[in-house]
Amino acid sequence: GADCINCESKNKTIGKLAKYLIPELPNLFFCVVLSLITTALTLIPPTATSTLVDDVLPSRDLAGLYRIVGVLLGSYILRCVIGIVRSYRLRVSGDHVVYALRNDVFAKAQKLSMRFYDKTSTGSVINRISGDTSTIQAFMLRITQEVVVEFFTLVGIVVIMFAMNYKLALLTLIPIPFVVIGTRIFGKKIKPFYRRIWRKWVAVTSVLTDSLPGIRVIKAFSAEERSGESFKDYNTAWLEVDKKSARISTAFPTIVNFFVLCGSLLIWGIGGKWVVTGDGSLSVGTLVAFISYASMFYTPVNFFANLNDSYQSALSSAERVLDILDAEDEPDLGKGNCPEIHGKIEFKNVNFSFDRTKMTLSDINLTIEPGDVVGIVGTTGSGKSTLVNLLMRFYDGYDGDILVDGVNIHDIDLSYYRSQ
């Protein structure tokens, strides 16, 4: 299986997943440029509003009013057009990323040994190929796009606010330490829940994948009620864990928003006092523009505060996907060796155990000549299916030898052997 993702270096983990982004880098870079243009356009309205309140409206400058309204309208239209183009291109890049990742995970899943599937449910594998890859895709695009945009927005707004009034700008920064500390505490609290939620949900999915394909058997034995109760038990276990997680994940954004609102109240209270008393040389238009910039400032602050939630979710998904991608393939020591097969089968002193504690097959010796028809009988669990599984090389790690036409099956090309 995969190494513990928390023990690996960050560079190694990033390298394993970043290769899916490399083909999309030109398009992603273009989207970043579009995002920066959109960010610049977003910073125009508050300054225009300040000019309107302080200069245009008091002087009754109708021409100036029309110019500013025209500039704002043009910026809104340009933002809309750029937003449509950017969203489409991001959607295409995201689809390409998840397409390649799912193909690789599914292809790898085909090459894994039966021992992997003995300890991993079908529902778990399906969930990794469908749900976890989408989670990783969303986080990758968020890191390459939104983080860049929000960072430049944050920097741009801070520069403008300090240029307008450094005292109010400092007041705006007061809630930041509380948000940072809260984020660290939240990350430590929420991290374990994502793994628990996933395990419980996989159990629910496994019941679905095992029950629905076998619905005829369930009906034949009148087991509908028992099957329903089994599903309800697993679903209840998921619900309880998800509710515990919700107590943390829903409280944190609300608390962050509270500190943000407190920052806005500080600006209104102190800035409003300066306007009323005339202290600080602060005009009404500047205060209104500053409030707008402060509201925009707290948007990226909220984004980075909540990014840890997405990070922990993506980290859990990455661990599960890499568990498949990093797992060892079925051994194929005889690759390229394709002898003609006539069909003589020999088991010589074969011993096999699934868990190394209880022997499923013990000292099996038999010879089957080409053309022979052989029936294998025995009680449930006596090893009938295991005998065939070993012959098909679904399992390795047995003692003794299995020969086909005098050749050890380990020395024959695996795909060629099974195709015969």
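User: In which sense do E1 and E3 pair, and over how many bridges? Please describe the surrounding sheet and the aromatic rings as well.

Analyst: The model is predicted, so local features need pLDDT of at least 70 and side-chain atom pairs count only at pLDDT 80 or more, while totals for chains, interfaces and linings use all residues. Residues are numbered from 1 along each chain as its sequence is written, and side-chain values use heavy atoms, with hydrogens and water left out.

E1 and E3 pair in the antiparallel sense over five bridges. Here strands (E, at least two residues) and helices (H or I, at least four) are DSSP runs, numbered from the N terminus. Two strands count as paired if DSSP finds at least two bridges between them. In general, strands of a sheet pair through backbone hydrogen bonds, either parallel or antiparallel. One of the bridges between these two strands joins Lys348 to its partner Asp401 in E3.

The pairing belongs to an open sheet of four strands, in the order E2-E1-E3-E4, with antiparallel pairing. Its edge strands are E2 (361-368) and E4 (407-408), each of which pairs on one side only. E1 also pairs with E2, in the antiparallel sense and over five bridges; in that pairing, Phe347 stands opposite Leu366 in E2. E3 and E4 pair in the antiparallel sense over two bridges, and Val404 has Val407 in E4 as its bridge partner.

Burial is the next point. A residue is buried under 20% relative accessible area, exposed over 50%, and partly exposed in between (1.4 Å probe, protein chains only). Six of the eight residues of E1 are buried, so this strand is largely enclosed by the rest of the structure.

The aromatic rings come next. Rings of Phe, Tyr and Trp (its six-membered ring) pair if their centres lie within 6.5 Å; planes under 30 degrees apart count as stacked, over 60 as edge-to-face and the rest as tilted. By this rule there are two aromatic pairs. Phe151 and Phe152 form an edge-to-face pair, 5.7 Å centre to centre with 75° between the planes. Phe151 is partly exposed, at a relative accessible area of 42%, and Phe152 is also partly exposed, at 41%. Phe352 and Tyr395 have ring centres 5.8 Å apart and planes at 50°, so this pair is tilted. Phe352 lies in strand E1 (residues 345-352) and Tyr395 in the loop between helix H12 (384-391) and strand E3 (399-404), so the pair ties together parts that are 43 residues apart in sequence. Phe352 is buried, with a relative accessible area of 1%, and Tyr395 counts as buried at 5%.

Lys167 lies over the face of Trp274, at 5.9 Å from the ring centre. A charge sits over a ring if NZ of Lys or CZ of Arg is within 6 Å of the ring centre and within 35 degrees of the ring normal.

Lys188 lies in helix H8 (residues 176-211) and is exposed, at 65% relative accessibility. Lys188 and Val204 are 16 residues apart in sequence and 26 Å apart in space, C-alpha to C-alpha.
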